[in-house]
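Here are my notes for a first look through this one. Have the structure open beside you and go point by point.

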Amino acid sequence: MSEKTLKFNSKTIHGGQKPDAAYGAVMPPIYQTSTYAQTTPGGHKGYAYSRSANPTRTALEDSLASIENGTHGMAFASGIAAMDAVIKLLNPGDEVVSTNDLYGGTYRLFKKVFEKFGIKFVFVDMQDAQAIEPAINSRTKLIWVETPTNPMMNIIDIKAIAQLAKKHEVLMAVDNTFATPYLQTPLDLGADIVMHSATKYLGGHSDVVAGALIVKDKGLAEELYFIQNASGAICGPMDSFLVLRGIKTLHVRMERHCENGAAIANYLASHTKIEKVYWPGFESHPNHEIAKSQMSGYGGMISFVTKGASYEDAIKFVEKLQIFTLAESLGGVESLAGHPASMTHASIPKEEREKIGVVDALIRLSVGIEDVEDLINDLKQAID
Ligand SMILES: Cc1ncc(COP(=O)(O)O)c(C=O)c1O
C-alpha cells in the first residue's frame with residue numbers, strides 16, 4: 001500500500017518506516033555509533049559520520065516528514081536548535097516578521113543572539129492577518145508564526161498568512177509544537193517550513209529534548225540539511241529513538257489531551273473565582289472560527305487568571321497543586337502547571353510581556369492524560 005494513502009493514525013506508526021535491514025528489527029535499533037567502516041574511501045552504505053546522518057535519526061526524520069505531509073524531515077538537538085537552523089538561512093540585513101506572542105526562548109534567540117548578526121526582527125500581532133502586511137518590505141525574508149501562541153492561546157490564520165508570504169515571495173515557518181500534526185498540518189495550508197519542539201507532544205513523555213523541521217521543497221531541504229550538518233546541532237541516536245517511539249502513540253495521546261483539555265477549560269470557565277480562561281475551543285474565543293477551520297480539535301493547553309490575583313497569589317496557587325507538577329515544559333502524559341511571568345516568559349521584559357497579556361497572575365496548564373476527575377479535584381483544592 002502506498003504511503004501516501006495512509007491516514008494519520010497509521011502514519012504515526014508506519015510513516016517512512018521499514019524493518020531494519022540487518023535483522024528485520026521492527027523498531028529501528030539505536031545506532032549508537034559516531035562512524036561507519038568504509039571498504040575504500042567513500043565506499044560506505046550511505047552513512048559516513050553520524051553528524052551528517054545516522055540510521056536511527058533517518059528513521060525519525062522520515063517519520064516526521066510523513067506525519068506533517070512533507071517530503072523531508074530534519075531532527076535536531078532541541079526545538080531551539082531547529083529554529084536556529086532556519087534563521088541561518090538568512091543574511092545580515094534581512095528581516096523577519098514574527099508573531100509577537102510567542103515562546104520566550106524563541107524571542108530570546110531572535111533578539112539576543114541573531115539581532116547582533118544584523119538580522120532584524122519585527123514583532124506583530126498576527127490575529128488580523130492583513131494587519132501584518134505593512135510590516136513586510138523588500139528586506140523581509142521570513143514570516144515566523146506560532147499558533148496556538150504560547151501562553152495566550154491566540155490562533156493565527158495560517159492559510160491567510162501563507163498567501164501573503166507567497167505574494168511577497170518570502171518564506172513562512174510555523175512552530176507547530178502546541179497543535180502537532182494531529183490537530184493541524186501547516187504545510188497543507190501553504191507554509192514552507194514546520195518546526196517542532198519535539199521535547200513536547202511528539203516525544204510525549206518528558207524524557208527527551210529534541211527539535212524538528214519539516215519541508216516539502218527539495219531545494220529548501222538541501223539548504224537546511226547543509227546547515228544541520230555544518231552547524232551540527234543534531235538529534236542523537238538515543239533521543240531519535242525516544243521521539244520516534246513517542247510519535248507512534250501521538251494520536252491516542254492527543255485524543256485524550258483534547259478530551260481532558262475541554263473538560264478542564266469548561267470547569268475553570270464556570271468557576272466563580274476564575275477571571276478569564278484562554279482556550280481556543282470556546283465559541284467566545286476571539287479566533288475560534290479560525291481554530292475551527294484549521295484545527296481538528298483544540299488541544300490540552302489552557303491559560304487562566306484567578307480573580308484579583310497578584311504575582312504572589314499565582315505562585316501560591318501553583319505551589320498548592322498536587323497532581324499537576326509545577327515545571328517548565330508541556331505536552332507530556334503528565335499534567336504540568338507553569339507561571340509564565342517567572343518561568344517560560346521571564347526572558348521577555350515585563351512591559352513587553354504585559355502588552356500581550358502575560359500578566360503576573362497568569363497560570364498555564366499542560367493538561368495530561370490522567371483521569372480528568374483527579375485533575376479537576378486538584379485544581380478545585382488549589383482554587384478554594
Ligand atoms: C512553542 C515552543 N516552541 C519552541 C520551544 C523550544 O523548544 P526546546 O525547549 O525543545 O528547545 C518551546 C519550548 O518550550 C515551545 O514551547
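This is a predicted model: local features need pLDDT of at least 70, side-chain atom pairs count only at pLDDT 80 or more; totals for chains, interfaces and linings use all residues.

**Notes on the fold**

1. S1 and S7 are antiparallel and joined over 5 bridges; two strands count as paired if DSSP finds at least two bridges between them.

2. Residues are numbered from 1 along each chain as its sequence is written, and side-chain values use heavy atoms, with hydrogens and water left out.

3. Now the whole sheet. Its 7 strands form an open sheet in the order S1-S7-S6-S5-S4-S2-S3, and the pairing is mixed. Strand S1 (72–76) and strand S3 (120–124) are at the edges with a single partner strand each, so one side of each has no neighbour in the sheet. From one strand to the next, the twist averages 20 degrees. As background, strands of a sheet pair through backbone hydrogen bonds, either parallel or antiparallel.

4. Is S7 buried or exposed? 5 of the 5 residues of S7 are buried, so the rest of the structure largely encloses this strand. Buried means under 20% relative accessible area, exposed means over 50%, and partly exposed is in between (1.4 Å probe, protein chains only). Both faces of S7 are covered, with Gly211, Leu213 and Val215 buried on one side and Ala212 and Ile214 buried on the other.

5. S4 (residues 140–146) is worth a look too: 6 of its 7 residues are buried, so S4 is largely enclosed by the rest of the structure. S4 runs parallel to S2 (residues 95–99), with 4 bridges joining them, and Val97 has Ile143 of S4 as its bridge partner. S4 is also parallel to S5 (residues 171–175), this time with 5 bridges; there, Glu146 is partnered by Asp175 of S5. To get from S4 to S5, the chain passes through helix H5 (residues 158–167) in a right-handed β-α-β crossover. Right-handed here means that, with the strands pointing away from the viewer, the path from the first strand over the helix to the second runs clockwise.

6. Follow the sheet to S3 next. S2 and S3 are parallel and joined by 5 bridges, and Thr99 stands opposite Val124 in S3. Helix H4 (residues 104–114) lies across S2, S3 and S4, and runs at about 150 degrees to S3.

7. Which helices pack together at an angle of about 35 degrees? Helix H2 (residues 55–67) and helix H8 (residues 237–247) do, with axes 8 Å apart. Axes are lines fitted to C-alpha atoms, for helices over the stretch in contact, and angles run from 0 to 180 degrees between N-to-C directions. Among the residues making the contact are Leu60 and Leu64 of H2 and Phe241 and Leu244 of H8; contact means heavy atoms within 4.5 Å.

8. Lys11 sits in helix H1 (residues 8–14), and this lysine is buried, at 11% relative accessible area. Leaving aside residues up to four places away in sequence, Lys11 touches Glu3, Leu6, Ser66, Ile67 and Asn69.

9. Most residues other than glycine have a negative phi, and most peptide bonds are trans. Asn69 has a positive phi of about 55 degrees although it is not a glycine; Asn69 is in the loop between H2 and S1. Ser206, in the loop between S6 and S7, has a positive phi of about 50 degrees. The bond from Thr147 to Pro148 is cis, with omega near -10 degrees, and a cis peptide bond also joins Asn150 and Pro151, with omega about 10 degrees. Pro148 lies in the loop between S4 and H5, and that loop holds Pro151 too.

Definitions and conventions: Helices (H or I, at least four residues) and strands (E, at least two) are DSSP runs, numbered from the N terminus.
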